[in-house]
Protein chains: 2
Amino acid sequence: MAKGASISGFPEWLPSERVVEQRVIDTLRRVFELNGFIGIETRAVETGASLLKKGETSKEIYLLSRLQEVGHESDTPIEDRLGLHFDLTVPLSRYVVEHSGTLAFPFKRWQIQKVWRGERPQEGRFREFVQADIDVVGNGDLPEHYEVELPLVMVSALEQLREFGLPKATVHANNRKLSEGFYRGLGLTDIEGVLREIDKLDKIGADEVARLLVEGCGANETQARACLELAELTAADGKELAEKFDALCTKHGISTDSEAYALARQGLDTLAMIVDEAARIRPGSVIADLKIARGLDYYTGSVYETFLDGADSLGSICSGGRYDNLASQGSKRYPGVGLSIGLSRLVSYMLHTAGAHASRISPAAVMVAVWNEDDRPAANAIANQLRSRGIAADVAPTAAKLGKQIKYADKLGIPYVWFPAAASEDGEAKGDEVKNIITGDQCPADAKSWEPDTVYARQTVNL
Amino acid sequence: MAKGASISGFPEWLPSERVVEQRVIDTLRRVFELNGFIGIETRAVETGASLLKKGETSKEIYLLSRLQEVGHESDTPIEDRLGLHFDLTVPLSRYVVEHSGTLAFPFKRWQIQKVWRGERPQEGRFREFVQADIDVVGNGDLPEHYEVELPLVMVSALEQLREFGLPKATVHANNRKLSEGFYRGLGLTDIEGVLREIDKLDKIGADEVARLLVEGCGANETQARACLELAELTAADGKELAEKFDALCTKHGISTDSEAYALARQGLDTLAMIVDEAARIRPGSVIADLKIARGLDYYTGSVYETFLDGADSLGSICSGGRYDNLASQGSKRYPGVGLSIGLSRLVSYMLHTAGAHASRISPAAVMVAVWNEDDRPAANAIANQLRSRGIAADVAPTAAKLGKQIKYADKLGIPYVWFPAAASEDGEAKGDEVKNIITGDQCPADAKSWEPDTVYARQTVNL
């Protein structure tokens with residue numbers, strides 16, 4: 001009945017690939033929990049009203065309708081309809097407000113879930129993918145130290161993934177206040193517009209961005225070039241950052257006494273703290289990179305993107321920032337800071353570029369052979385004995401010829417085949433034996449005590 | 001910005017509740033993998049064509065539309081639209097056909113994912129919930145032994161959940177062929193109709209079912225009562241089952257020579273094998289219960305429902321069956337057998353009836369205190385030292401008064417508070433100390449070697 005039909009933008013892993021994804025998820029979860037983050041899962045849907053307010057991805061929402069409503073969808077205003085979440089930050093802000101009475105603040109949470117983007121299908125873009133997020137949300141205020149600690153948690157998590165082929169990751173940080181202060185100092189007012197165009201720099205190049213700044217954001221040629229100069233600024237420590245920034249302000253006539261400079265300086269001080277503190281704890285993990293803008297307009301301070309050495313085409317694999325106004329309830333504000341790993345693209349890179357692969361498809365370390373169907377209960381008993389000691393075990397699907405049974409184990413990558421005692425072909429009272437079908441070693445074994453060699457004990461991810 | 005608003009039918013757990021759900025998921029996954037099942041995850045969407053063909057739940061589909069398509073949804077035929085999957089069996093059958101060239105058969109897979117049912121909102125019904133499934137799918141044929149092994153894997157998985165408050169589970173099994181043969185023997189022809197009404201027995205009672213059988217399924221009063229008599233039949237072993245069934249056939253004039261009886265006997269033999277084999281391995285885990293019908297019409301042989309002792313109102317918490325015709329490709333068939341746990345309802349029962357709860361909200365075993373913000377780097381270093389040894393650690397959010405810091409740890413259930421050496425108020429060179437804020441014990445500690453007491457080391461689920 002069901003006809004196979006892949007749907008563009010909805011990736012699905014084969015079992016061996018899923019092993020890699022699952023291992024990545026397990027690893028991230030472990031790092032997040034070691035750092036005291038609390039795991040939550042939010043429903044897949046939010047109201048249209050909640051989804052439509054936030055950021056540029058609001059164009060890319062999937063709305064739901066019940067089958068019975070087909071043809072009558074328009075009876076319900078979009079705000080009241082349900083849509084699939086496009087990220088995990090908007091749901092978090094809603095969750096925090098909803099449960100503000102019971103949560104302990106600051107609320108540190110991790111969340112690994114699918115998100116959906118109702119884009120037009122196009123090459124290499126996912127419409128369904130997994131995000132892995134950490135955020136800290138405060139009640140009223142949120143200490144600045146989280147703005148360096150969270151990127152460092154992500155760096156340490158990504159570091160754990162290097163054994164699966166991930167290159168070294170570097171967080172590139174900026175601060176919206178720094179950019180805004182500078183733009184205002186130049187005399188520009190369409191700050192969101194400028195940020196949006198600067199965000200395209202890597203994609204369309206400087207000349208094209210300059211053109212867009214002039215045509216769409218009220219900049220003259222000089223202002224546009226100044227914006228691009230700011231975007232070129234990078235620094236590995238706070239001192240270098242301040243010196244380079246001040247030189248740029250002097251060049252463009254932005255006075256250190258101006259309100260605009262004061263705003264920029266606020267952002268600069270936070271950014272300097274971030275790079276200096278990160279350098280102290282984990283040198284080379286975070287740099288200041290003033291071209292980082294982030295498309296989403298809910299960020300109000302620090303913004304982050306993360307790049308992998310030698311994988312420029314992948315773009316940022318872990319992004320985020322500080323948002324002071326995403327969640328509020330009456331006069332109460334819940335400022336937050338967080339980062340999100342685009343997990344599906346990361347796994348795709350590991351599989352297809354880095355060559356990460358599962359050591360075997362089946363979790364089973366051993367398959368018990370079945371000499372004939374009457375012996376199946378005995379084979380099941382052996383398998384259950386092994387399972388009770390934590391050894392994953394399968395049983396041959398049929399009492400086929402031994403060669404065929406071994407072929408099945410081999411296809412699943414199961415390293416050991418167990419021969420129950422009934423095997424003895426010469427009628428002697430031989431005991432159980434187990435054979436490593438990779439090395440060819442075969443030896444007597446007792447299901448009550450046998451252990452697989454360490455290297456074959458578990459499914460692993462190799463390069 | 002975001003206003004809290006829970007949406008009927010879309011349950012969300014608080015952090016402490018999520019700990020229980022996560023533990024249940026981890027436990028099931030471990031049991032499934034110990035039994036050699038391979039984990040997959042399928043995309044959340046299927047085509048309308050694929051969703052609409054299968055079972056009675058096809059009424060309850062959520063269709064998707066991109067925001068840009070609003071008002072033009074009807075331009076696309078429902079068959080070509082995307083909808084959210086309502087179970088994990090239909091996606092599995094599609095996945096198997098799509099990847100039949102690379103999978104090893106029989107393909108044993110586990111899958112734990114959310115599913116959606118586009119029902120009208122009503123009391124106690126979930127529109128989004130998690131299912132935990134195991135299935136075995138064969139290529140061409142599928143040995144019968146899986147029809148007893150799979151329910152037993154589920155029983156052993158549910159057994160593991162008893163430490164979280166789940167009562168003993170009993171699988172009630174039937175066989176569609178047995179029912180069909182009996183109904184045909186009575187002279188009935190609308191088999192699907194009769195099964196559908198019998199499936200309502202627990203909900204609406206025998207008299208109402210009899211009325212529906214007469215009014216809607218072409219049965220006379222005698223036939224309807226015979227169907228109900230069959231539904232009352234239960235048996236703990238194959239011999240008892242055969243005797244009771246044959247007595248019923250004799251009573252209603254169904255000859256053992258008839259084609260109808262031959263069909264019923266096929267089902268009976270499989271069912272007898274299931275209860276006898278299950279009784280041998282795990283007495284009391286599986287009984288024959290001929291009222292089990294299952295709403296989904298893709299089942300062709302064995303069907304299962306699972307009930308918990310003393311939790312009748314919960315209904316079946318783990319259901320499934322054998323389906324021979326769900327997946328096919330040209331002349332190739334992929335018969336399968338599987339069971340599905342309604343995980344969200346199970347977790348709801350554990351939380352709200354059995355009283356399962358997390359030992360603490362935070363995964364952290366220890367929170368490092370911060371005497372003043374200048375000392376934060378030292379506190380972070382202690383926490384990182386602990387984390388590097390696998391001890392989950394948090395750091396106080398602010399250098400508030402110690403009482404406030406301890407209150408934060410207490411609210412998260414973190415059992416230990418670590419006092420860095422800088423604590424010494426009398427100026428003496430005192431080392432680090434750690435306090436168990438539950439027992440009040442305090443002692444010197446070195447982050448390089450300290451271990452929490454076993455009972456406080458990890459987040460656990462208690463009753």
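Biologist: In this model, how far is the sulfur of A:C227 from the closest cysteine sulfur?

Modeller: The model is a predicted one, and within it A:C227 is buried, with a relative accessible area of 0%. A disulfide would need the two sulfur atoms to lie within 2.5 Å, and the closest cysteine sulfur, which belongs to A:C217, is too far for a bond, because the distance is 8.5 Å.

Biologist: Is B:C249 buried or exposed, and which cysteine holds the sulfur closest to its own?

Modeller: With a relative accessibility of 2%, B:C249 counts as buried. Its sulfur is 12 Å from the closest cysteine sulfur, which is too far for a bond, and that closest sulfur sits in B:C227.

Biologist: How many disulfides does the structure hold over all chains?

Modeller: For A:C227 the closest cysteine sulfur is too far away for a bond, and for B:C249 the closest one is likewise too far. Counted over all chains, the number of disulfides is 0.

Biologist: Which residue stands opposite A:C318?

Modeller: Chain A has an open sheet of 9 strands with mixed pairing, in the order 1-5-6-14-11-10-7-9-8. Within this sheet, strand 11 (residues 318-323) runs antiparallel to strand 14 (residues 336-342) of chain A, and 6 bridges join them. The residue of strand 14 of chain A that stands opposite A:C318 is A:I341.

Biologist: What angle does the direction of helix 4 of chain A make with that of strand 14?

Modeller: Helix 4 (residues 146-160) of chain A packs on the sheet, where it touches several strands, including strand 6 (128-137), strand 11 and strand 14. Its direction makes with that of strand 14 of chain A an angle of about 20°.

Technical notes:
Residues numbered from 1 in each chain as written. Chains lettered and ligands numbered in written order. Predicted model: local features only at pLDDT ≥ 70, side-chain atom pairs only at ≥ 80, totals over all residues. Heavy atoms only, no water. Pairing = 2+ DSSP bridges. Helix = DSSP H or I, 4+ residues; strand = E, 2+ residues; numbered from the N terminus. Contact = heavy atoms within 4.5 Å. Axes fitted to C-alpha atoms, helices over the stretch in contact; angles between N-to-C directions. Buried < 20%, exposed > 50% of the residue type's maximum accessible area, 1.4 Å probe, protein only.
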